[in-house]
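Here is a colleague's note for a first reading of a protein model. Keep the structure open beside the text and find each residue as you go.

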Amino acid sequence: MSADTPRRIALLRHAKADWPDVSDHDRPLAERGRKDAPAVGLKLAETGIVFDLALCSTAARTRETWKLAVQEMPHRPKTHYEERLYDASPGELIALLNETSDEVSDLLVIGHNPGMHALADVLSGRAEGDTLERMTRTGFPTGALAVISFTGSWKSVEPGVGTLLDFWTPKDH
């Protein structure tokens, strides 16, 4: 694929997590999260994007969100569980994106806030319709999904490079 290949990044925050007496990394989904995660999968399917790769945080709540969401998708992308997604800053997330193979056109990232919201904000130099306004107004609640497009190689991902195409939360369905 050439450097001017159009690409899409979907940034997904895990569904609603519970607060049992376990480490933060081991927190499971709450009942609402287990209901919302399949809806996220349906929304991902509705986008029509056939993801080449999913990068998922190793935290229990992100793995559980992905397990429930992917069952609703017509195509199961290759999944890589990435511990560096847990508690990552926008700069660390961009560095991860920069490592992505240029064979990947469409990438799904399942992670945490504040990183997912900050990354969506930082990458979105432009936005379609009211997507940016909605994301700013609602924040990036659990189960939120932002889809961003850009043209170029993954190594060229930097602040402002993308267009926010879609923003969705489980409350939207």
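The points below go from the sheet to the helices and then to single residues.

1. **Ground rules.** This is a predicted model, in which local features need pLDDT of at least 70 and side-chain atom pairs count only at pLDDT 80 or more, while totals for chains, interfaces and linings use all residues. Residues are numbered from 1 along each chain as its sequence is written, and side-chain values use heavy atoms, with hydrogens and water left out.

2. **The sheet.** Start with the open sheet of 7 strands. Its order is β3-β2-β4-β1-β6-β7-β5, and the pairing is mixed. Strands here are DSSP runs of E with at least two residues; helices are runs of H or I with at least four; both are numbered from the N terminus. Two strands pair if DSSP finds at least two bridges between them. Strands of a sheet pair through backbone hydrogen bonds, either parallel or antiparallel.

3. Which strands stand at the edges? They are β3 and β5 (124–127). Each has a single partner strand, so one side of each is left without a neighbour in the sheet. The twist averages 25° from one strand to the next. Angles run from 0 to 180 degrees between N-to-C directions, and axes are lines fitted to C-alpha atoms, for helices over the stretch in contact.

4. **Pairs to locate.** β2 and β4 are parallel, with 4 bridges. Leucine 55 faces valine 109 in β4: the two stand opposite each other. β5 and β7 also run parallel, joined by 3 bridges. There, arginine 126 stands opposite threonine 163 in β7. β6 and β7 run antiparallel, with 5 bridges. Leucine 145 stands opposite tryptophan 168 in β7.

5. **Strand β7.** Of the 7 residues of β7, 5 are buried, so this strand is largely enclosed by the rest of the structure. Buried means under 20% relative accessible area, exposed means over 50%, and partly exposed lies in between (1.4 Å probe, protein chains only).

6. **Alanine 146.** This residue lies in strand β6 (residues 145–151). Why does alanine 146 count as buried? Because its relative accessibility is 0%. Leave aside neighbours within four places in sequence, and alanine 146 is in contact (heavy atoms within 4.5 Å) with residues including Ile9, Leu11, Met135, Phe140 and Phe167. Its C-alpha atom is separated by 20 Å from that of lysine 78, 68 residues apart along the chain.

7. **Helix α2.** This helix covers residues 60–70. Its buried residues are Ala60, Arg61, Thr62, Thr65, Trp66, Ala69 and Val70. An α-helix has 3.6 residues a turn, so residues three or four places apart point the same way. What covers the buried residues of α2? The cover includes β1 (6–13), α1 (31–46), β2 (53–57), β3 (78–82) and β4 (106–111).

8. **α1 against α2.** These helices pack at an angle of about 55°, with axes 7 Å apart. They are therefore oblique to each other. Angles under 35 degrees count as roughly parallel, over 145 as roughly antiparallel, 65 to 115 as roughly perpendicular, and the rest as oblique. Arg34, Ala37, Pro38, Gly41 and Leu44 in α1 meet Glu64, Thr65, Trp66, Leu68 and Ala69 in α2. By class, the contact of α1 with α2 has 6 nonpolar, 2 polar and 2 charged residues. Nonpolar covers Ala, Val, Leu, Ile, Met, Phe, Trp, Tyr, Cys and Pro; charged covers Asp, Glu, Lys and Arg; the others, Gly among them, are polar.

9. **α3 against α4.** The angle is about 70°, and the axes are 9 Å apart. α3 and α4 are therefore roughly perpendicular to each other. Pro90, Leu93, Ile94 and Leu97 of α3 make the contact with α4 residues, among them Met116, Leu119 and Val122.

10. **Backbone points.** The peptide bond from asparagine 113 to proline 114 is cis, with omega near 10°. Proline 114 lies in the loop between β4 and α4 (115–123). Aspartate 87 is not a glycine, yet has a positive phi of about 60°. Aspartate 87 sits in the loop between β3 and α3 (90–98). Is aspartate 87 buried or exposed? At 64% relative accessibility, aspartate 87 counts as exposed.

11. Threonine 169 is in the segment after β7 (162–168). Threonine 169 is buried, with a relative accessible area of 6%. Not counting residues up to four places away in sequence, threonine 169 touches Thr138, Pro141 and Ala144.
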